Amino acid sequence: MTDAGSPLPAIQPLVAGNWKMNGTKAALAEVIAISDWIDSAGNTLKADTMICPPATLTMVMAELCSNGKVLIGGQDCHPLASGAHTGDISAEMLADAGASAVILGHSERRSDHAETDNGVRAKVEAAHRAGLTAIVCVGETAGQRGAGLTLPVVARQLEGSIPDAVTAENTIVAYEPVWAIGTGLTPTADDVAEVHAMIREALQKRFDVAGSRMRILYGGSVKGSNAAELMSVANVNGALVGGASLKAADLIQILEAYCK
Ligand SMILES: O=C[C@H](O)COP(=O)(O)O
């Protein structure tokens, strides 16, 4: 309930495609096809749609999607606004290129670039400074899951990676079990429900109403054939999609789970 005692409005789901290190100019046709499909779906589609392309495509894709039907996000940013950091991109640069969000702390960044919770938190603060929504990824490895550590690992990542001052608009959590990414494996609906319930409770405890309103995405081998089941789990407010976001036809099958 809000302070005024009225019920909170429903959370608008988000389906975000993470293209990772995939996509050249030829792939822009996929985004045009997604945007055209969203047009034809009209208001039967009850979700927002985002594509997070590689940095080389951010600006051209943002220009192509300037009608706002497909939102554009980055895949990482540096904590600083500018400076001598060869190869890095700042949150301000992503915003300037037309992005409205940025994925931070993805498990591939955490493993490939030794990113820590503290480092991710600094990037989330940078995203907010630049006016971007931060999509903060958390999730356990297969080993941690086997050891029964899923909930404590995710709780620690949440606590460490998200700064103290956030809003329901500027921060999204993405739960992505590392072992489910790109493997075709997914947790059961009950397992997803358990983790998302814990995340919701932790967010509410820490951020009050903002924590009740924040979107919590599920990611890890989401595809057309499992989207409806996964997206109907309590506290799942959308999906972060890797492989199945690269082709318009595959992403559209996932979006169809949100057509009513
Ligand atoms: O960011 C997206 C995730 O890593 C999921 O990737 P996937 O859908 O290919 O499993």
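User: Is Asn18 buried or exposed?
Analyst: Asn18 is buried, because 26 other C-beta atoms lie within 10 Å. A residue counts as buried with 20 or more other C-beta atoms within 10 Å of its own, as exposed with 12 or fewer, and as partly exposed in between, with C-beta atoms placed from the backbone. Please note that this is a predicted model, in which local features need pLDDT of at least 70, side-chain atom pairs count only at pLDDT 80 or more, and totals for chains, interfaces and linings use all residues. Residues are numbered from 1 along each chain as its sequence is written.

User: Where is Asn18, and which residues is it in contact with?
Analyst: Asn18 belongs to strand 1, residues 14-18. Strands (E, at least two residues) and helices (H or I, at least four) are DSSP runs numbered from the N terminus. Beyond neighbours within four places in sequence, Asn18 is in contact with Cys52, Gln75, Ile103, Leu240, Val241, Gly242 and Ser245. Contact requires C-beta atoms, placed from the backbone, within 7 Å.

User: What about Gly242, where is that?
Analyst: Gly242 is in the loop between strand 8 (238-241) and helix 11 (248-255). Gly242 is buried because 21 other C-beta atoms lie within 10 Å. Not counting residues up to four places away in sequence, Gly242 touches Asn18, Lys20, Ile181 and Gly182.

User: How many residues surround the ligand, and which are the closest?
Analyst: The ligand is surrounded by 14 residues, the closest being Asn18, Ile181, Gly219, Gly242 and Gly243. The cut-off is a C-beta atom, placed from the backbone, within 6 Å of the molecule. By class, the shell has 5 nonpolar, 8 polar and 1 charged residues. Here Ala, Val, Leu, Ile, Met, Phe, Trp, Tyr, Cys and Pro count as nonpolar, Asp, Glu, Lys and Arg as charged, and the others, Gly among them, as polar.

User: Which residues does UniProt list for "binding site"?
Analyst: The unreviewed UniProt entry lists Asn18, Trp19, Lys20, Gly182, Ser221, Gly242 and Gly243. They are spread over 226 residues of sequence but cluster in space, with a largest C-alpha distance of 14.1 Å. Such annotations may be inferred rather than shown by experiment.

User: Changing topic, where does Ser82 lie?
Analyst: Ser82 lies in the loop between strand 3 (71-74) and helix 3 (91-97). Ser82 is exposed because 10 other C-beta atoms lie within 10 Å. Ser82 and Glu92 are 10 residues apart in sequence, with their C-alpha atoms 8.3 Å apart in space.

User: And why does Ile216 count as buried?
Analyst: Ile216 counts as buried because it has 21 C-beta neighbours inside 10 Å. Ile216 is in strand 7, residues 216-219.

Note on methods:
Two residues are in contact if their C-beta atoms, placed from the backbone, lie within 7 Å.
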